Amino acid sequence: MSHLIAPSVLAADFANLQRDIEMINASEADWFHIDVMDGVFVPNISFGMPVISAIKKHAKKLMDVHLMIVDPDRFIKDFKKAGADLLTVHYEACKHLHRTVQAIKQEGMQAGVSLNPHTPIAVLEDIIKDLDLVLIMSVNPGFGGQSFIDNTYKKISQLKEMIEKTGSNALIEIDGGVNDKNAKKLVAAGAKVLVAGSFVFKSDDPTRTIHELKLLKY
Ligand code: DX5
Ligand code: ZN
């Protein structure tokens, strides 16, 4: 399987959201990446169910919802209803991660777990086989447009090794500061899904930028 591109809607123009959704639909992007922030787990607030439901009405690709919220268990059913296909929670935000992952799957969604830059890969050892995706944060979560943290490459190879050793089917997703300088190296290291916000939406031609990320034309 070649790598997937998931543009982050956080960097879209919210006053022209439908236009930007149609751009993603018509592009070579594979998924919609949807960032939910609660102002508690991260020092920023993004958007919630009404906006996700509105995106879902037009989106023709998988809805990859990244929850940066405390105690996500409270809202699993609501995110399903709003249109999430894949729901990713933060390791640091869950007291009973195994229970949370099972609850996501029971709702018929794929389950992902995300790790902050300071959280070692090893904490996933006893849950990796249950996961459809691991999201390695390559910036501290909370904001778009931050610089990529180089330690991410090491974490990708550690995670790749854990996945191969355990026979897990989890995809490795990288989120934060993805651009033309690191995309190729990330995929070479084992990343399967690249999230890109600013690099796509702040470019002159987002459709072309997605095309180039897909081809790793750098
Ligand atoms: C950060 C979010 C990211 C963000 C990425 O907390 O999880 O998905 O939108 O934005 P860029 O690509 O601009 O770093
Ligand atoms: Zn994200």
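Predicted model: local features only at pLDDT ≥ 70, side-chain atom pairs only at ≥ 80, totals over all residues.
Local features need pLDDT of at least 70 and side-chain atom pairs pLDDT 80 or more, while totals for chains, interfaces and linings use all residues; side-chain values use heavy atoms, without hydrogens and water. Residues are numbered from 1 along each chain as written, and chains are lettered from A and ligands numbered from 1 in written order.

View 1. Helices (H or I, at least four residues) and strands (E, at least two) are DSSP runs numbered from the N terminus. The C-alpha trace spans about 45 × 35 × 30 Å along its principal axes.

View 2. One oxygen atom of the ligand lies 2.7 Å from a side-chain N or O atom of Asp-35. For His-66, a polar side-chain atom is 3.2 Å from a ligand oxygen. Gly-177 contributes a polar backbone atom at 2.8 Å from an oxygen of ligand 1. The protein covers 99% of the 380 Å² of accessible area that the ligand has on its own (Shrake-Rupley method, 1.4 Å probe).

**View 3. The shell around ligand 1 holds 20 residues (a heavy atom within 4 Å).** Among those that come nearest are Asp-175 and Ser-198. β2 gives the largest share, 3 residues. By class, the shell has 8 nonpolar, 10 polar and 2 charged residues, with Gly counted as polar and Asp, Glu, Lys and Arg as charged.

Notes. Polar contact = N/O pair within 3.5 Å; in protein donor to acceptor, adjacent residues only side chain to side chain.
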